[in-house]
Amino acid sequence: MIKLQDVSYVRLGTQDLEGATHFATDYLGLEVSERGKDTVYFKSDAREHTLCYFEGDPADHTAAVEIGSRDDLSSAAAQLEKLGHAVEIGTAEQAEARKVREFIAFKDPSGNRIELVWRPAHGGQRYHGVRDAGITGFSHIGLCTTDAPRDEAFWTQVCNARVSDRIGDAPLLRIDEVHHTIALFPSSKPGIQHINHQVESGDDVMRSFNFLNDRQVRMVFGPGRHPTSSAKFLYFEGPDGMVFEYSSGVRSIADELLYRERQFPFEPKGFCQWGAKPDVPEFRK
Ligand SMILES: [Fe+2]
């Protein structure tokens, strides 16, 4: 069993690093933690970085998940290889570029590139955004799946994720008490489907709605409230069509024994209890 601890960072290729940096800072509200020749790293919480944009193919997405020990990392590599996944062992140089001590990379059954990382760096300084978006941290990712039941089995049987709820066949998966850290949404291709940052309050969600709307950022869903996690949310489009989400008030599942997963319909009311309709292809039939 691969013991996932938390999402650590995402890496996204872009042909317009300056444009992506402008969006990530001035609009999304992240802070540049480091600039390289063709990479920019962003902070959203106490960690050294939680997002990295690099000059490259905009379809090149990586999601990284933290692993607790070197032993867990090597047993994960062995287990993945046994299951037929090609496992890449990160070089020292690659690990440095990711600000982690060691990592391995593989593709999940849909072809999403996943990095399992050990000892990701924490920053010595607090995060403070360029604008006050109220961000409290990078929190979860949506991943595209080309076969939701197959990928649910991978994340819950090969890894330690548990299903919190399902919207249609789309499972919302938790790896700690947070309602979901990884969510799988049916699609025809792999990739990161959305990137979530938590904000302090529902007021922050609404403030950002007005702030981003005034600047012609395309809103794709919300403001609304998820009936699954109970979080208030806003989804909007960033560089290269990537969907970003702010949410606040995500449910915490403290007592595993008392919790039972629930089934929600794969229609707008399964995604929003306030009546918002998603303009996100993976949230629509
Ligand atoms: Fe989300």
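This is a predicted model: local features need pLDDT of at least 70, side-chain atom pairs count only at pLDDT 80 or more; totals for chains, interfaces and linings use all residues.
In β4, which residue is the bridge partner of L12? The partner is Y53.

## Overall form

The protein chain contains six helices and 17 strands. Its radius of gyration is 18 Å, close to the 19 Å given by the globule rule for 285 residues, so the chain is as compact as a globular protein of that length. Along the principal axes, the C-alpha trace spans about 45 × 45 × 35 Å.

Of the 285 residues, 45% are buried. Among contacts with a separation of 6 or more, 64% are between residues 24 or more positions apart.

## The sheet of eight strands

Eight strands form an open sheet with mixed pairing, in the order β2-β3-β4-β1-β5-β8-β7-β6. Its edge strands are β2 (31–35) and β6 (88–89), each of which pairs on one side only. Helix α1 packs on this sheet, where it touches β1 (4–14), β2, β3 (39–43) and β4 (51–55). The direction of α1 makes about 160° with that of β4.

Strand β1 is mostly covered, with eight of its eleven residues buried. It pairs with β5 in the antiparallel sense over seven bridges, and with β4 in the parallel sense over five bridges.

Helix α2 (residues 70–82) lies across β5, β7 (102–107) and β8, and runs at about 25° to β7.

## The sheet of nine strands

A further open sheet has nine strands in the order β14-β15-β16-β13-β9-β12-β11-β10-β17, and its pairing is mixed. Strands β14 and β17 (262–264) stand at the edges with a single partner strand each, so one side of each has no neighbour in the sheet. On average, neighbouring strands of this sheet are turned by 20° against each other, direction ignored.

Strands β15 and β16 run antiparallel and are joined by six bridges. In this part of the sheet, F236 stands opposite F244 in β16. Helix α5 lies across β13, β14, β15 and β16, and runs at about 25° to β15.

Helix α5 covers residues 202–214, which number 13. At 1.5 Å a residue the helix should span 18 Å, and its end C-alpha atoms are 19 Å apart, which agrees.

The buried residues of α5 are D204, V205, S208 and L212. Seen down the helix axis, these buried residues fall within an arc of 100°, so they line one face of α5. They pack against α1 (17–27), β13 (192–199), β14 (219–225), β15 (232–237) and β16 (243–248). The face turned away from the buried side carries the exposed residues D203, N210 and D214.

## Backbone exceptions

Most residues other than glycine have a negative phi, and most peptide bonds are trans.

Q216 follows α5 and is found in the loop between α5 and β14. Although Q216 is not a glycine, its phi is positive, at about 60°. Is Q216 buried or exposed? It counts as exposed, because it has 6 C-beta neighbours inside 10 Å, where 12 or fewer is the limit for that class.

S230, in the loop between β14 and β15, is a residue other than glycine with a positive phi, near 70°. With 14 C-beta neighbours inside 10 Å, S230 counts as partly exposed. The peptide bond that joins G222 and P223 is cis, with omega about 10°; P223 lies in strand β14.

Methods:
Residues are numbered from 1 along each chain as its sequence is written. Helices (H or I, at least four residues) and strands (E, at least two) are DSSP runs, numbered from the N terminus. The radius of gyration is taken over C-alpha atoms; the globule rule is 2.2 Å times the number of residues to the power 0.38. A residue is buried if 20 or more other C-beta atoms lie within 10 Å of its own, exposed if 12 or fewer, and partly exposed in between; C-beta atoms are placed from the backbone. Two residues are in contact if their C-beta atoms, placed from the backbone, lie within 7 Å. The expected span of a helix is 1.5 Å times one less than its number of residues. The arc is that of the directions from the helix axis to the C-beta atoms. Two strands pair if DSSP finds at least two bridges between them. Axes are lines fitted to C-alpha atoms, for helices over the stretch in contact, and angles run from 0 to 180 degrees between N-to-C directions.
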